[in-house]
Every structure is written in structure tokens, then in C-alpha cells.
Amino acid sequence: NMERRDEEELSSNIDSTETAEQKTVKPSNHWNQGLLSSMSDPALLVTSNTSIVTIKDKYPKAKHHYLVLPKKQVPNLESMTKEDMDLLVMMDREADRLASSHPASQFLIGYHAVPSMAQVHLHVISTDFDSPCLKHKKHWNSFTTPYFIPSSQVITQMEEQGKVLKQDKELSKKWMNTQLKCHKCEYMPKNFPDLKKHILKH
């Protein structure tokens, strides 16, 4: 059941439970809860502190692909306030630490404009994009077009405006439908297998 697995890669469902301290995330009963189960999977856990958790992406789209997530419930970037600035900076610093632990690789650090999973998560992904899990145009364009918003841009927007603006869904859809193009040169592949073959040359 590849279709169901592909859906699990792209989305997750979150419920919340109140504690005396804060709202924390817990998996819902929906089958499509890949991200939440990954957060508590010891095989995927990289680091954890009182505020954030870092995991390996269960379906990595490159040789190195991590997710940095807040432990408290944060459904999306636009729900964050100035009070969350420290959290955004902490996540960004953890992303930098992860990237620097792989000095032979280059990394992208950022968020998807319209993420399909409900809990905020910062992608830390190497630019080789060498992975069998990278299977679709939508995977490629979600990291190689302006659909991917750099963490530094999110932090600057929060500093300057006190919030992160909601992304235009129509514009985001346009980026996802952009013609395939190599992220390191001007090559325009004729299809996705052609792209995957080409990027191995870089």
C-alpha cells in the first residue's frame, strides 16, 4: 500500500492534551500520525531538551534530513507570537549545529510554506537530495522553490513584524507546480527520473 505510505509521508494529525505547564502534542487515533509517532520513536531521536526535540525524518529526502520540533503544541508558524522568538532561535541554532556536524555536505534550513503536518517543524536537509524517498515533483519543489522558507527569513519577519505572515496558498500551489529544474545548474530535466539521474553528477 504505497499510496497510504506516501500520504503518511506528507501529513499527520495532531490532538492536544492539557498539562499544568503547557499544551503538549500527542498522537490522535487517526492512522495518519507519522510525525507524532516519529517524535517519540527512539530509533529516530537525535537530541531532546525541555523545549525542542530533533529527529531523523522517517522518510528522508536526502542523505541527511532532520526535523527540529517544539515540544509544546504549535500548529503552524502564523500561530506563533513574539513570545516564541526564543523558541524559533533555539530551533535555528539546533539546525545549524546539525548542519555543522556534516562538514562535507551543504544544507537547507527552513519551513514549508503550507506544511501538510500540523505541528511546526524545521527541516534541516542536505542538498544532495540523494534518497529513494524523493519520488515526486512535489517533494522536489517543496525544497527547491520559494515554497521553502529559510529559517533566517522567518526569524527576521518575527523580529520586524511581531508575527509570521500566513502564506498565500495560491502562490504556494504555483511554486509546487513549477517546472522541474536542477537546484545547482540551469538543467531542465524532461521528467523526474531524468532529474534524479542528473543530480548525481553534482
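Tutor: Start with D84. This is a predicted model, and in it D84 has a relative accessible area of 7%. Buried means under 20%, so D84 counts as buried.

Student: Which side chain does D84 meet in a salt bridge?

Tutor: K72. The N to O distance is 2.7 Å. A salt bridge needs a side-chain nitrogen of Lys or Arg within 4 Å of a carboxyl oxygen of Asp or Glu. The K72 and D84 pair is a salt bridge on that reading.

Student: What does the D84 and K72 pair tie together?

Tutor: Look at the sequence positions. D84 and K72 both lie in the loop between β5 (65-70) and α3 (85-100). The pair therefore ties together parts that are 12 residues apart in sequence.

Student: Is K72 buried, exposed or partly exposed?

Tutor: Partly exposed, at 30% relative accessibility. Read each end of a bridge separately.

Student: How many salt bridges does the structure hold?

Tutor: The count is 3. Take R97 and E94 next. Their closest N and O atoms are 2.9 Å apart.

Student: Where do R97 and E94 sit, and how are they separated?

Tutor: Both are in helix α3. They are 3 residues apart, which means a separation of about one helical turn.

Student: How far apart are the closest N and O atoms of K181 and E186?

Tutor: 3.7 Å. With the cut-off at 4 Å, K181 and E186 form a salt bridge. K181 is partly exposed at 30% relative accessibility. E186, at 65%, counts as exposed.

Student: Now the whole chain. What share of the residues counts as buried?

Tutor: 44% of the 202 residues. The accessible surface is about 11000 Å², and carbon and sulfur atoms hold 50% of that area.

Student: How many helices and strands are there?

Tutor: The protein has 7 helices and 8 strands.

Methods: Residues numbered from 1 in each chain as written. Predicted model: local features only at pLDDT ≥ 70, side-chain atom pairs only at ≥ 80, totals over all residues. Heavy atoms only, no water. Helix = DSSP H or I, 4+ residues; strand = E, 2+ residues; numbered from the N terminus. Buried < 20%, exposed > 50% of the residue type's maximum accessible area, 1.4 Å probe, protein only. Areas by Shrake-Rupley, 256 points an atom, 1.4 Å probe, with all protein chains shown as cover.
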